[in-house]
Amino acid sequence: MKAWQFTGTGRPLQLADLKILQPGPGQVLLKVGAAGLCQSDVRSMYDAHGAAILARTPITLGHEIAGTVGAVGDGVTEWKTGDRVGVCPTASAGTPGSDGPAANEVSPGYGHDGGFAEYYLGSANDLVRIPDELDIADGAVATDAGMTSYHALVVRGGLKAGMKVGIIGLGGLGQIAARVGVLLGAEVHVAEPKESAWDMARSLGVTEVVADATEWAGRGFDLIVDYAGFGSTTDAAIKAVRFDGTVVQVGLARRQATVDTTTMVVSHVNYLGSIGGTKEDIAALYQLMKSGDLAPRTTEISFDGIPAGLEDLRAGKVAGRLVARL
């Protein structure tokens with residue numbers, strides 16, 4: 001099979017010919033139907049810190065995977081050949097504070113070969129059934145961009161109907177979160193500097209779009225999720241939430257942030273980090289997506305276009321989510 005592999009920091013992906021492995025006990029072999037491209041892939045390729053968490057080199061990248069079951073290993077009874085499934089990239093990780101493995105040790109594209117390939121071999125425990133009404137590309141997007149945005153907003157952030165919620169950054173994650181917030185009954189506001197994305201934001205049903213989250217200072221938000229993470233955005237979020245309000249950090253555009261600690265302390269701000277999610281998060285997204293109420297904006301490319309797509313992503317040329325269809 002063909003696979004796009006990382007071979008070293010700063011190098012473009014290399015196309016490799018690999019043997020198709022057969023599933024062992026508890027494993028499944030998927031014929032990959034779609035694989036999402038993520039900024040995390042770019043960090044793995046060009047950031048030494050990102051590359052340091054990879055299990056080995058070379059390794060096939062790609063952690064946003066959907067496909068069709070091609071074969072199952074011994075002991076697998078829930079899945080059969082032909083089932084359409086998404087892969088939860090964090091399902092096999094230990095829970096926070098446990099002695100289980102970290103997500104990067106077991107996740108596709110980090111701990112073992114991922115989905116930028118014609119076939120993917122992984123744990124049957126990581127799979128989530130894709131509804132018949134859902135396109136395979138959307139099934140892939142929900143496994144990471146969807147799961148991560150949903151988990152930060154609904155699970156970590158505790159979103160409830162009627163809340164005043166801010167979404168910082170309307171990229172692949174932020175656009176999903178904004179629409180989810182609207183569908184779940186929140187009053188959603190968006191901060192996004194690219195005015196070219198404002199029409200999309202309004203089409204999601206949000207109440208307001210601003211260019212910079214500093215415009216929200218003192219406006220008493222219940223919850224703000226920062227999907228950008230430029231440091232300044234984190235500080236702006238802290239200054240915009242009400243007393244005992246919550247800021248959830250997801251974006252990592254900058255490794256460090258300087259924040260107004262006086263405001264954080266005096267306003268009793270809850271500052272939380274969030275990464276990944278669960279199979280339950282993906283299943284909930286599939287239910288929202290199959291009705292058509294949640295339709296993330298995606299740009300589809302071919303399998304051969306994955307390296308160029310990652311370069312476009314690195315250069316900030318991609319609106320929404322980039323998905324390779326095989």
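Modeller: Two strands count as paired if DSSP finds at least two bridges between them, where strands (E, at least two residues) and helices (H or I, at least four) are DSSP runs numbered from the N terminus. This is a predicted model, in which local features need pLDDT of at least 70 and side-chain atom pairs count only at pLDDT 80 or more, while totals for chains, interfaces and linings use all residues. Residues are numbered from 1 along each chain as its sequence is written, and side-chain values use heavy atoms, with hydrogens and water left out.

Colleague: How many residues apart in sequence are the parts that the pair of W4 and F303 ties together?

Modeller: The structure holds two aromatic pairs, meaning rings of Phe, Tyr and Trp (its six-membered ring) with centres within 6.5 Å, called stacked if the planes are under 30 degrees apart, edge-to-face if over 60 and tilted for the rest. The centres of W4 and F303 are 6.2 Å apart and their planes are at 45°, so this pair is tilted. Because W4 belongs to strand 1 (residues 2–6) and F303 to the loop between strand 15 (298–302) and helix 10 (306–314), the parts tied together are apart in sequence by 299 residues.

Colleague: How far is the charged end of K164 from the ring centre of F221?

Modeller: F221 forms a tilted pair with W216, at 4.7 Å centre to centre and 40° between the planes, and both residues are buried. A charge sits over a ring if NZ of Lys or CZ of Arg is within 6 Å of the ring centre and within 35 degrees of the ring normal. K164 sits over the ring of F221, with its charged end at a distance from the centre of 4.8 Å.

Colleague: Which strand gives the most to the lining of the second largest pocket?

Modeller: A pocket is an open set of points on a 1 Å grid over the protein atoms alone where a 1.4 Å probe fits, with protein on both sides within 12 Å along at least five of seven lines, and lining residues have an atom within 4 Å of a point. Of its 14 lining residues, M1, K19, L21, D113 and L121 are the closest to its centre. With three residues, the most comes from strand 7 (residues 119–123).

Notes: Buried means under 20% relative accessible area, exposed over 50%, partly exposed in between (1.4 Å probe, protein chains only).
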